[in-house]
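Thanks for coming, everyone. I'll keep this brisk. Please have a look at the model before I start.

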Amino acid sequence: MNRLRDYLILTKPEITFMNVAMALGGFYLGSAGHLDLTRLAYMLAGVTLGAAGTGALNMYFERAVDGRMRRTRLRPLPAGRLAPWQALAVGAGAVAAGIACLAWRVNLLSALLLALAVANYLLTYTALKPKTYGCVLVGALSGAAPPLIGWVAATGRISGSAGALFLILFLWQIPHFLALAWLHREDYASVGWRMLPTNDPDGRGTGRQMVGYGAALLLATLLPWGFGLVHPVYLVGAAGLGVLFLAMEARFARQRTTPAARAVFVGSMIYLPALFGLLAVHKL
């Protein structure tokens, strides 16, 4: 049982679950009429395998760094409970199976999007972590892919509405990651990762970034209505959620404390499913 638990940890189940949920949202919002349950099942299987495999490969590539940080040193690889080759085999096999599943049973475009998201995350984002704060923006491109993959799985094409969902998730990730990076800034600094704006010891730049991206996110959540995806009533709920989230970010910008950062992080985890719930309820 302990070995199975370690293999599960390799897949970063919380992140995998969020990716699958966002892909499900994209598929539902892109579907006209009744859902194609068979296609949906294959899409969910492909995204689950792709996300889980990416998590395992990420732990493989970053196993040395994980062993030097307090928050990650007890993961299966740095703790020695699993061998690196096991993580590599599980990760590569799952990613390959996920891409193949989408290409074979869904469509080639969704498979291509998954492959690009995985490659960007494992190669570009990972390589940029010790070099530039811009790595956060690069990583957010991969993180915003699931609803786009779900939409393409349902429709076979990329549209303005799909782009709006991608943009919403992209912008949401920045304050989410900044809050997390602030909470673990000492750990990240100890291994040379630049997850926060440089030359920002007091957090003022981080606070400005949070507020700026939060304001852009609030505006982006209006786009699904602009593309005719949702009923106008959606705007009331989306605006309310956006204002509350922006208020949390503004509080951090003023105080720059651990409790304020934790509030942004927890708030972001509530905001996203609430927003996609509104999209689902008010879909036209």
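Which residues form a nonpolar patch on the surface? They are Tyr-28, Leu-35 and Leu-37. Together, these three have about 270 Å² of accessible area. One caution before I go on: this is a predicted model.

Stay with Leu-35 for a moment. Leu-35 sits in the loop between H2 and H3. Is Leu-35 buried, exposed or partly exposed? Its relative accessibility is 32%, so Leu-35 counts as partly exposed.

Now compare that with Phe-27. Phe-27 belongs to helix H2. Its relative accessible area is 1%, and because the cut-off for buried is under 20%, Phe-27 counts as buried. Leu-44 is 17 residues away from Phe-27 in sequence. In space, the C-alpha atoms of Phe-27 and Leu-44 are 9.5 Å apart.

How much space lies in the largest pocket? About 1100 Å³. The lining takes in 46 residues. Closest to the centre are Lys-12, Ile-15, Tyr-121, Phe-177 and Leu-180. Which elements give two or more residues to that lining? Here they are, in chain order:

- helix H2 (13-30) and helix H3 (37-61)
- helix H6 (108-128), helix H7 (135-143) and helix H8 (145-155)
- helix H9 (160-183) and helix H14 (258-281)

On to the second largest pocket. Its volume is about 240 Å³. Here 13 residues make up the lining. Arg-185, Ala-189, Trp-193, Leu-196 and Pro-197 are the closest to the centre. Which helix gives the largest share of this lining? That is helix H10, residues 185-190, with three residues. By class, the second largest pocket has eight nonpolar, two polar and three charged residues in its lining.

Last topic: charge pairs. Side chains of opposite charge can pair when their charged atoms come close. How many salt bridges does the model have? The count is six. I'll show you three of them.

First on my list, Arg-81 with Asp-6. Their side chains meet at 2.9 Å, N to O. This pair links distant parts of the chain, 75 residues apart. Arg-81 is in the loop between helix H4 (63-66) and helix H5 (84-105). Asp-6 is in helix H1, residues 2-10. Are the two partners buried or partly exposed? Arg-81 has 32% relative accessibility, so Arg-81 counts as partly exposed. Asp-6 has a relative accessible area of 4%, so Asp-6 is buried.

Next, Glu-62 with Lys-129. The closest N and O atoms of this salt bridge are 2.8 Å apart.

Finally, Asp-66 with Arg-75. What is the N to O distance in this salt bridge? It is 3.1 Å. Asp-66 and Arg-75 are both buried.

To recap. The surface has a nonpolar patch of Tyr-28, Leu-35 and Leu-37. The largest pocket holds about 1100 Å³. Over to you.

Terms used. Residues numbered from 1 in each chain as written. Predicted model: local features only at pLDDT ≥ 70, side-chain atom pairs only at ≥ 80, totals over all residues. Heavy atoms only, no water. 1 Å grid on protein atoms, 1.4 Å probe; cavity = no way out; pocket = protein on both sides within 12 Å on 5 of 7 lines; lining within 4 Å. Points joined across faces, edges and corners; volume = space filled by probe spheres on them. Helix = DSSP H or I, 4+ residues; strand = E, 2+ residues; numbered from the N terminus. Nonpolar A, V, L, I, M, F, W, Y, C, P; charged D, E, K, R; others polar. Patch = residues over 30% accessible without salt bridge, like charges linked within 9 Å, V, L, I, M, F, W, Y side chains within 5 Å. Areas by Shrake-Rupley, 256 points an atom, 1.4 Å probe, with all protein chains shown as cover. Salt bridge = Lys/Arg side-chain N within 4 Å of Asp/Glu carboxyl O. Buried < 20%, exposed > 50% of the residue type's maximum accessible area, 1.4 Å probe, protein only.
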